[in-house]
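Please keep the sequence and the 3D view open as you read.

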Amino acid sequence: METRLDDVELDVIIVGGGMAGIAAAQQLLQNGMTNILVLEAQDYLGGRIKTINTEYGHIDLGAEWIHGQKGNTLYDIAVENRLVHNRNQSFYISPSSASIYDVHEFRTENGSLVNRNIVCQVSKAMEDLYCKSINSAPKEYQQDNEIISEIELSKFDKAISKDYMTKSFATHYSEGFDEYLESCDITDYDIQKALYKWRLKWELGDNCCASLDDVAFPGRYIMCEGHGITDLKFGFGSVFDVLKKDLPKQKVQLRKPVKQIKWKRNICSVECFDGSVYKSKHVIVTVPIGYLKNHMTSMFCPSLPDKKVHAIQNIGFSNLVKVFLAWKKPFWCESYSGVQFVWTSDSIQEQLQTVIGKHGTTEMLKVDGNPWYHDITGFERCTGRPNVLCGWLVGEGAELSTTLSDIDVSKVCTRLLHCFCGDENIPEPDNIYRSQWQSNQYIGGGYSYVSTRTQDGDFEALCQSLPSNQNPRLLFAGEATSFNFYSTTHGAYETGIRAAKTIITLKQQSKEPTINL
Ligand code: 6YU
């Protein structure tokens, strides 16, 4: 007779089968801890890594690139498995990053091309503003790339000084840019300001936030050395596949949303929404911070300590939408890499309204009175997929667009391309693929950022195991619990390894104390 997993006592249950969860599982298995189970709410593993294969090639609805190289294990895995695109190939297109200024066209809503010198000038001013502040950061902010243990985390939290991060991203940039503008040629003033506004939108996307007023500057994020963006031949799913390939099927249960975790005993009990109950010595929680924000009250018994609740509430977590448009036949030429939308006035609104109105759908231009499409930063080519353009919908627009249909979004995007490219003949795309992370009840948004609401001690409280770091029954992992690499897949990976190592070390030391309640 087969053993039912809900009858046995497990060593570790991992809640969530994204990057952090699978990294933890892999680490435990490699260290001989095989009595484990991953409970994943959805019908696939990967979480915010979701590569779909289409007739136009792969589409990454979530994570797409590896950020940084040196010290980034995911980069090493990708290289070892020959998954990385060769930058020197003629068809390689530099993907979206702050340096897209070098390759993309910047156009205004009238279709006019913005002078490249001005584009580069503004780009440099913005980069200088960013670097100036990073370089003045206290040393304690800079953790090396080594994975640290749960117990040592508090050491880093002490580095968070209120004086250092009270400024928001918005304030930092607006003060600095005003100063920069004063030194500029007055004739370029309007276009420089318009480019600056474009850059702020790009930052909304990079930070995945609804407002830059809420983002603490400069945050704690550190880029691993090497290229900031590594493009993958078959999408991010291919890197994830390498990690999950040694995970035996019976160690994973899909479609198993966890309802409640009872954690204040020697043995934790994990109850799923389908009524099944599993027991284990340790539970590693890797669900996204968006899910925790919405469910932390009912998910834990006893409730989480107030400090942890506040830390979860104070983390920034908002939305970002990727819009992929695909044509059977591209309308662009081989050397084209993309177009960025630089808005100089609102006049296009009327034009858009008239043209789209002919199809009887003008209401799609404004959701709740807001022109959501202003928050599309532009469209860019995707390496290896010659018929696809990818656009980024950021900030409030990302949130507003979730109520629109694919057809409506596709029509508005086509109209934007007509205006900004100055070409009325651009056909409507044959297909559209859109990420919808915010409306996914198990994710709830894009990725985390350090908010200006963050208080001293929040990071430590967020990561702290319960009932204590010395007796870790309930452990926390996932991208938001990475000190320097939050928001990324390698950050998530590192936290999964960290949680697993904590348990492995305890087991090796046979130091699993009993709690008597
Ligand atoms: C990266 C990139 N990238 C684009 C977009 C998004 C993200 N990221 P998971 O959510 O994966 O797993 C948790 C699981 O838990 C999940 O499967 C749930 O179903 C499950 N679950 C929930 N509730 C449950 C329950 N009750 N029971 C059981 N299971 C439950 N990262 O490295 N490169 O290109 C991008 C991008 C649109 C949405 C990204 C990128 C972020 C990563 O996707 C993300 O961090 C990890 O996958 C998370 O893994 P996890 O395991 O923690 O959670 C200055 C400064 C600013 C800093 N910014 C710098 C970098 C900006 C990053 N740029 C990203 C850009 C893109 C394109």
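In which strand is the place of S448? S448 sits in strand β19, where helices (H or I, at least four residues) and strands (E, at least two) are DSSP runs, numbered from the N terminus.

## About the model

This is a predicted model, in which local features need pLDDT of at least 70 and side-chain atom pairs count only at pLDDT 80 or more, while totals for chains, interfaces and linings use all residues. Residues are numbered from 1 along each chain as its sequence is written, and side-chain values use heavy atoms, with hydrogens and water left out.

## Two buried polar residues

S448 has a relative accessible area of 3%, so it is buried; that word means under 20% relative accessible area, with exposed over 50% and partly exposed in between (1.4 Å probe, protein chains only). The side chain of S448 makes a polar contact of 2.8 Å with the side chain of E479. Such a contact is a pair of N or O atoms within 3.5 Å; within protein, one must be able to donate a hydrogen and the other to accept it, and residues adjacent in sequence count only if both atoms are side-chain atoms.

R434 belongs to strand β18 (residues 431-434). R434 counts as buried because its relative accessibility is 10%. Its side chain joins that of D406 through a polar contact of 2.9 Å, and the R434 side chain also reaches the backbone oxygen of S401 at 3.1 Å.

## Around the ligand

The ligand has 44 residues around it, of which E40, Q42, R48, W65 and T489 come nearest; a residue is near a molecule or strand if one of its heavy atoms lies within 4 Å of it. By class, this shell holds 22 nonpolar, 15 polar and seven charged residues. Here Ala, Val, Leu, Ile, Met, Phe, Trp, Tyr, Cys and Pro count as nonpolar, Asp, Glu, Lys and Arg as charged, and the others, Gly among them, as polar.

Which atoms meet the ligand? An N or O atom in the side chain of E40 is 2.6 Å from a ligand oxygen, and a polar backbone atom of A41 is 3.1 Å from a ligand nitrogen. In the side chain of T489, an N or O atom lies 2.6 Å from an oxygen atom of the ligand. The protein buries 98% of the 1300 Å² that the ligand exposes when taken alone (Shrake-Rupley method, 1.4 Å probe; for residues, only the protein chains shown count as cover). Two or more residues of the shell come from each of α1 (19-30), α6 (189-207) and α14 (489-508).

## Enclosed and open spaces

Grid points are joined across faces, edges and corners, and a volume is the space filled by probe spheres set on the points. The largest cavity is lined by 14 residues, with R220, I315, T454, L462 and A480 nearest its centre. α13 gives the most to this lining, with three residues.

The second largest pocket holds about 590 Å³ of space. Among its 26 lining residues, K197, W198, K201, H374 and D375 lie nearest the centre. α6 gives the most to this lining, with ten residues.

Key:
1 Å grid on protein atoms, 1.4 Å probe; cavity = no way out; pocket = protein on both sides within 12 Å on 5 of 7 lines; lining within 4 Å.
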